[in-house]
Amino acid sequence: MAKTLQDFTVAILVVDGFEQVELTGPRDALHAEGARTVIVSARRGPVQGMHHNDKGDRFEADLIFAEASAETFDAVLLPGGVVNADEIRLHPKAREFVHAMHEAGKPLAVICHGAWLLISAGLVKDRKMTSWPSLADDLRNAGADWVDEEVVVDGRWISSRKPDDIPAFNREILRVCALVRH
């Protein structure tokens with residue numbers, strides 16, 4: 001059977017403290033459909049995954065934010081994790097990258113606390129989104145229509161709340177990316 005996302009490249013933006021399953025779950029689903037994923041971070045070397053409050057595995061960053069170009073990627077994935085999400089939003093090159101991906105009309109998938117980067121990039125106004133519930137006020141205050149649903153698709157944006165929602169999140173990521181692909 002043909003893989004629907006062959007030659008489709010997805011940037012995964014993280015810094016230390018990301019929720020590991022929110023990277024590995026979608027990444028593995030993308031790989032199963034033939035997509036290539038690239039971990040993009042603030043610095044070269046390993047970045048620390050987390051299992052909620054406990055350290056998980058370390059993952060090698062393939063690129064740094066300053067090297068990532070929207071022209072190189074077909075979609076972007078933003079895992080959550082409080083520490084990751086709180087720091088990544090402070091990196092101007094990360095904000096510029098997601099802004100460029102949005103302007104290029106490419107799929108943008110975000111889960112849990114990952115939406116903080118999109119708020120800081122000034123992108124959520126008039127978007128219907130979900131997230132970890134503690135971000136509801138932040139998203140509403142930035143102009144988003146926040147809803148408490150396992151996954152929300154708004155155009156080419158896919159958002160989800162938490163690790164338990166990853167199966168629905170993956171299903172919609174794959175569907176939206178395949179639609180964009182064709």
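How many bridges join strand β7 to β8, and do they run parallel or antiparallel?

Author: Let's start with what you're looking at. This is a predicted model, where local features need pLDDT of at least 70, side-chain atom pairs count only at pLDDT 80 or more, and totals for chains, interfaces and linings use all residues. Residues are numbered from 1 along each chain as its sequence is written, and side-chain values use heavy atoms, with hydrogens and water left out.

Now your strands: 3 bridges join β7 (residues 75–78) to β8, and the two run parallel. Strands here are DSSP runs of E with at least two residues, helices are runs of H or I with at least four residues, and both are numbered from the N terminus. Two strands pair if DSSP finds at least two bridges between them. To find your way across this pairing, look for L77, which stands opposite A109 in β8.

β8 has another partner too. Strand β12 (residues 157–160) is joined to β8 by 4 bridges, and these two also run parallel. Here V110 stands opposite S159 in β12.

Next, check where the side chains of β8 (residues 108–111) go. L108 and V110 point one way, A109 and I111 point the other way, and all are buried (under 20% relative accessible area with a 1.4 Å probe, protein chains only; exposed is over 50%, partly exposed in between).

There's also a hole to find around here. A search of the whole structure turns up 1 cavity of 30 Å³ or more, and the largest cavity has a volume of about 40 Å³. On a 1 Å grid over the protein atoms alone, a cavity is a set of points where a 1.4 Å probe fits but cannot get out, and lining residues have an atom within 4 Å of a point. Grid points are joined across faces, edges and corners, and the volume is the space filled by probe spheres set on the points.

Who lines this cavity? Among them are A75, V76, L77, L108 and A109. β7 gives the largest share, 3 residues, while β7, β8 and α6 (166–181) each supply at least two. The lining divides into 11 nonpolar residues, no polar and no charged (Ala, Val, Leu, Ile, Met, Phe, Trp, Tyr, Cys and Pro count as nonpolar, Asp, Glu, Lys and Arg as charged, and the others, Gly among them, as polar).

Technical notes. On a 1 Å grid over the protein atoms alone, a cavity is a set of points where a 1.4 Å probe fits but cannot get out, and a pocket is an open set with protein on both sides within 12 Å along at least five of seven lines; lining residues have an atom within 4 Å of a point.
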